[in-house]
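Student: I would like a close look at a single part of this structure, followed by what surrounds that part.

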Amino acid sequence: MGLLKVGTPLHWDDMLEHCNYIRRHGVLQFLSIYRRMQHLENDPFFYGDELEYSLLKLNPNKTVQLSLRGPEVMDRLRGQEQESTGNGCAWHQEYGSWMLEGTPKLPYDGYAMSLVGVEQNMRLRRGRLLSALHADEVAPTLVAFPLMGVGPSFAATSTDSRSIAESSSVPDEVINPHPRFGTLTANIRQRRGSKVDIRMPLFQDLRTPEFESTEHPTIDMDCMAYGMGCCCLQVTFQASNMKESRYLYDQLAVLAPIMMAMTAATPVLKGRLAATDARWSVISQSVDDRTPAERGLEPGAPDPRMAGHGVRRQSKSRYDSISCYIHPSSQAYNDIPCEIDEEIRALLEDEGVDQALAQHIAHLFTRDPLVAFEGLIEADDEKSTDHFESVQSTNWQTVRWKPPPAKEGCAPHIGWRTEFRSMEIQLTDFENAAFTAFMVLIARAIVVFNLDFLTALSLVDANMARAHTEDAVRTQKFWFRKSVESEEDEVCEMSMDEIMNGNGAGFPGLIPLCYAYLKHIGCDESSFMRLDQYLKFIQRRASGELPTPATWMRSFIRSHPAYAFDSVVSEPIAHDLVKACSEIGLGQRPAVELLGDVQVEPITNGQYEIPLFAKKLSLTERKGLLEKLWPHRSDVSMLCSQEMDREQSCGFAAGERRHHTRLTACS
């Protein structure tokens with residue numbers, strides 16, 4: 001969740017005095033990285049995933065609440081990881097006090113068998129998290145808590161402070177106590193000049209009362225927690241060089257709405273069924289820090305301390321789809337507004353940055369930094385990247401291009417990376433691993449086969465809107481290229497089935513391209529067996545044979561005995577939904593309608609490595625152990641008694657005799 005520093009964060013009035021300095025020096029820090037690393041070549045392919053979990057409390061009275069123990073649980077898990085050896089997990093803070101992010105301890109290497117290891121590590125994370133929960137807690141991989149902001153008791157809070165977000169429905173205590181998160185919340189609100197205003201269309205059911213008086217009723221939300229409280233699945237790839245990372249960025253941006261629709265899992269917001277299935281627009285609105293003038297609503301008084309004086313038109317929220325491709329060969333497809341800072345672009349181009357990349361950076365830096373820390377404003381631009389990351393990490397787009405970070409001490413080398421950010425988190429580790437593996441395979445196929453998916457960005461944005469709609473996989477068509485050859489860029493509307501599985505008319509399909517790549521590299525048989533399961537599962541979802549999690553959840557709610565067909569998700573319904581989602585994720589509840597013939601093996605509590613201890617037992621301890629193992633064998637006591645007598649008669653030291661006993665253990 002962005003750049004986490006320790007210190008005293010500046011409130012917006014104090015931040016304003018430093019915004020221009022931070023923006024300028026952020027660009028200078030980027031230039032320092034660019035000069036040092038632009039010629040970096042032949043980095044190995046690595047990748048990693050990020051999963052986000054929700055800590056929830058199931059109560060005996062059929063209610064469910066947020067459990068605000070995220071920081072406490074994270075500290076415990078981090079401590080246990082330090083005591084653990086071998087492949088492990090890393091745990092990170094997230095925006096909400098009920099949230100937690102888990103990643104592999106180290107990135108995965110570029111071998112086919114590592115793709116099978118992804119699910120094993122995800123299961124490891126879920127099992128270890130399970131060991132840190134209270135008996136009444138669960139930690140499902142849900143995108144959004146269904147009762148966020150509903151009633152006074154949706155969160156197990158001890159206070160009701162509202163001074164940070166000023167929300168009418170969500171107390172500040174749900175925000176992670178790390179000072180960055182509260183400051184980020186308050187500074188977005190203050191820069192904007194009002195609370196955030198989130199409006200999502202309400203689902204019309206048989207007896208939804210709002211439709212009797214309003215043609216297009218909405219679910220209204222008023223704080224950042226509704227958006228940044230959503231959980232997702234992200235995958236990051238390390239490229240061979242800068243050029244490859246930029247090419248991947250552009251190609252994956254086209255796939256972002258496709259994969260969001262494929263993983264849609266957000267049909268409930270604020271206790272109501274929504275007429276959408278995905279989270280993205282909710283988050284986009286939840287962090288929209290644009291002033292009224294920047295949103296084009298009304299003229300404003302220019303403030304020279306702000307980017308664009310606070311009045312330059314900004315066509316998108318800072319959490320949105322991309323506004324420009326960044327590879328030099330992609331520029332003809334940039335056909336939407338992309339606001340830039342002309343002074344910054346000129347500086348970048350004067351320093352030798354090509355036009356396409358200069359436009360991207362100059363676009364990012366049309367935004368103000370949102371968090372800075374007291375005493376950390378001035379920095380060495382040749383050694384620090386804090387100001388660059390302050391702006392870069394708060395431009396939350398569907399893909400993120402990530403230059404190498406500043407190297408610290410003996411930290412391992414990290415190269416040019418591309419982060420894929422649009423997918424929604426799935427209920428099971430099988431699903432999350434399947435979509436991670438798919439993204440890795442298609443990313444490698446793009447590079448190796450030199451595939452070209454580029455379409456005009458206006459069509460990518462149109463796809464993004466369609467991807468939000470209810471059951472988009474089955475009901476929508478998406479703009480896509482008819483051919484993957486770069487010489488042929490004609491587009492047409494295709495169903496999800498055609499995009500993923502091929503249309504029989506020249507477009508092979510993304511999944512067949514993954515199979516072609518596996519054949520090309522000569523994938524080993526054991527890895528292929530699991531990867532084949534993943535790809536066949538995705539094929540079945542793309543064809544509509546299997547539903548998305550959003551469609552499954554909507555069906556679960558509408559078939560619940562307590563549902564009144566009024567679009568209201570009551571506490572008993574939410575309780576049962578959360579319980580079912582948790583049990584499915586843990587392998588405790590079959591879900592044939594969601595997963596088909598896939599069976600999720602039950603997750604075991606803990607899953608920490610068990611060392612082969614060398615500590616020797618005393619005779620008394622050994623006797624007790626043997627009697628537990630063979631309680632009805634009289635010769636156990638006799639044997640141990642004889643052993644004790646011999647030891648005493650021979651005068652052996654206890655330690656010496658135990659060594660011999662270990663070598664001649666009785667069967």
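Where does Met148 lie?

Tutor: Met148 lies in the loop between β6 and α5. Helices (H or I, at least four residues) and strands (E, at least two) are DSSP runs, numbered from the N terminus. The model is predicted, so local features need pLDDT of at least 70 and side-chain atom pairs count only at pLDDT 80 or more, while totals for chains, interfaces and linings use all residues. Residues are numbered from 1 along each chain as its sequence is written, and side-chain values use heavy atoms, with hydrogens and water left out.

Met148 is buried, at a relative accessible area of 5%; buried means under 20%, exposed over 50%, and partly exposed in between, with a 1.4 Å probe and protein chains only. Not counting residues up to four places away in sequence, Met148 touches Leu66, Trp98, Phe154, Val170, Ala225, Tyr226 and Lys270, where a contact means heavy atoms within 4.5 Å. Val268 is 120 residues from Met148 along the chain, and the C-alpha atoms of the two are separated by 9.6 Å.

The phi of Glu166 is near 55°, a positive value in a residue other than glycine. Most residues other than glycine have a negative phi.

Leu66 is in β3, where Leu56 stands opposite it. Three bridges join β2 (residues 56-58) to β3, and these strands run antiparallel; two strands pair if DSSP finds at least two bridges between them. The open sheet has three strands in the order β3-β2-β6, with antiparallel pairing. Its edge strands, β3 (64-66) and β6 (137-138), each pair on one side only. Helix α19 (residues 571-585) packs on this sheet, touching β2, β3 and β6, and its direction makes about 110° with that of β2. Such angles run from 0 to 180 degrees between N-to-C directions, and the axes are lines fitted to C-alpha atoms, for helices over the stretch in contact. In the loop between α18 (549-558) and α19, Ser567 has a positive phi of about 70° although it is not a glycine. Ser567 counts as buried, at 0% relative accessibility.

As for confidence, the mean pLDDT of the protein chain is 93, and 93% of its residues reach 70 or more; pLDDT is the predictor's confidence in each residue, from 0 to 100. Over residues 652-667 pLDDT stays under 50, and the model has 18 contacts beyond four places in sequence for that stretch.
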